[in-house]
Amino acid sequence: MNDLLCYFTCVGFWKELDPPKVVSLKRVVDKKVHLAAPLFSKSVFQLSMEFQALCFEPYTGWGQDARLRTQFQRRKEARSADWHDEWDSYFSVAPTDPREIRRVYRSLMEAFAADIGVHDSYMVPHSGRVPENIR
């Protein structure tokens, strides 16, 4: 999920992830969340689903991959040397505010930390801020 956070908030190694890879990460996260659901609280599962709903627009058509709920113009600029035009279709027309993605991710990690007994009030640190010029 941290890889998804990086991609959708344009921090860390987001430029190394391309749209097909991000969609494949969704499948990995889906599988792991559903397999681990009995091991964690209802809150962890619900926040995991909320996080994914903020990141992806599922059910866009029969046999179609989920779309990424993020702007792609800056991503295209940053990867102009190796951007594939067909990647444009991987993006939703209804992007999510990256700050909302970060907020839910933080809540999810706090719930996860409480479930595994790290600390009831553990606050997930983050470095920097979400870039304001994502487009």
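Trainee: Before we look at anything, when does a helix crossing count as left-handed?
Mentor: A crossing is called left-handed when the near helix is turned anticlockwise from the far one by less than a right angle. One example here is α1 passing α5, a left-handed crossing. Keep in mind that this is a predicted model.

Trainee: Thanks! How do the axes of α1 and α5 cross?
Mentor: Their axes come within 9 Å, and the crossing angle is roughly 160°. Angles over 145 degrees count as roughly antiparallel, so α1 and α5 are roughly antiparallel to each other.

Trainee: Which residues make that contact between α1 and α5?
Mentor: On the α1 side you'll find Asn-2, Leu-5, Phe-8 and Thr-9, and on the α5 side Pro-98, Ile-101, Arg-102 and Tyr-105. Sorted by class, the contact of α1 with α5 has five nonpolar, two polar and one charged residues.

Trainee: Let me zoom out. What does the protein chain's secondary structure come to?
Mentor: There are five helices and two strands. Following the sequence, the pattern runs α-α-α-β-β-α-α.

Trainee: And how much of the protein chain counts as buried?
Mentor: Of its 135 residues, 35% do. The protein chain exposes about 8,000 Å², and carbon and sulfur atoms supply 55% of that area.

Trainee: What share of the contacts comes from residues 24 or more positions apart?
Mentor: If you take the contacts with a separation of 6 or more, 64% are between residues 24 or more positions apart.

Trainee: Back to the helices. At what angle do α1 and α2 pack?
Mentor: About 145°, with the axes 10 Å apart. α1 passes α2 in a left-handed crossing.

Trainee: Who meets whom between α1 and α2?
Mentor: From α1 come Asp-3, Leu-4, Tyr-7 and Phe-8, and they meet Pro-19, Val-22, Leu-25 and Val-29 in α2. That contact of α1 with α2 has seven nonpolar, no polar and one charged residues.

Trainee: Why does Phe-13 count as partly exposed?
Mentor: Because its relative accessibility is 32%, and the partly exposed class sits between the 20% limit for buried and the 50% limit for exposed.

Trainee: Is Cys-10 buried or exposed?
Mentor: Buried, at 12% relative accessibility. Cys-10 also lies in the loop between α1 and α2. Its phi is near 55°, a positive value in a residue other than glycine.

Trainee: Jumping ahead, what is phi of Tyr-59?
Mentor: Near 55°, a positive value in a residue other than glycine. You'll find Tyr-59 in the loop between β1, residues 56-57, and β2, residues 67-68.

Trainee: Buried or exposed, that Tyr-59?
Mentor: Tyr-59 is exposed, with a relative accessible area of 80%.

Trainee: One more helix pair. How do α2 and α3 cross?
Mentor: The axes of α2, residues 19-36, and α3 come within 11 Å and cross at roughly 165°. That makes α2 roughly antiparallel to α3. The crossing of α2 past α3 is left-handed.

Trainee: Which residues make the contact there?
Mentor: α2 brings Lys-26, Val-29, Asp-30, Val-33 and His-34, while α3 brings Phe-45, Ser-48, Met-49 and Gln-52. By class, the contact of α2 with α3 divides into four nonpolar, three polar and two charged residues.

Trainee: Where is the place of Gln-52?
Mentor: Gln-52 is in α3, residues 42-55. Leaving aside neighbours within four places in sequence, Gln-52 is in contact with Lys-26, Val-29, Asp-30 and Val-33.

Trainee: Is Gln-52 buried or exposed?
Mentor: Buried, with a relative accessible area of 5%. The limit for buried is under 20%.

Trainee: Last one. By how much are the C-alpha atoms of Gln-52 and Ile-101 separated?
Mentor: By 8.9 Å, with the two residues 49 residues apart along the chain.

Terms used: Residues are numbered from 1 along each chain as its sequence is written. This is a predicted model: local features need pLDDT of at least 70, side-chain atom pairs count only at pLDDT 80 or more; totals for chains, interfaces and linings use all residues. Side-chain values use heavy atoms; hydrogens and water are left out. Helices (H or I, at least four residues) and strands (E, at least two) are DSSP runs, numbered from the N terminus. Buried means under 20% relative accessible area, exposed over 50%, partly exposed in between (1.4 Å probe, protein chains only). Contact means heavy atoms within 4.5 Å. Accessible areas come from the Shrake-Rupley method with a 1.4 Å probe; for residues, only the protein chains shown count as cover. Axes are lines fitted to C-alpha atoms, for helices over the stretch in contact, and angles run from 0 to 180 degrees between N-to-C directions. Angles under 35 degrees count as roughly parallel, over 145 as roughly antiparallel, 65 to 115 as roughly perpendicular and the rest as oblique. Ala, Val, Leu, Ile, Met, Phe, Trp, Tyr, Cys and Pro count as nonpolar, Asp, Glu, Lys and Arg as charged, and the others, Gly among them, as polar.
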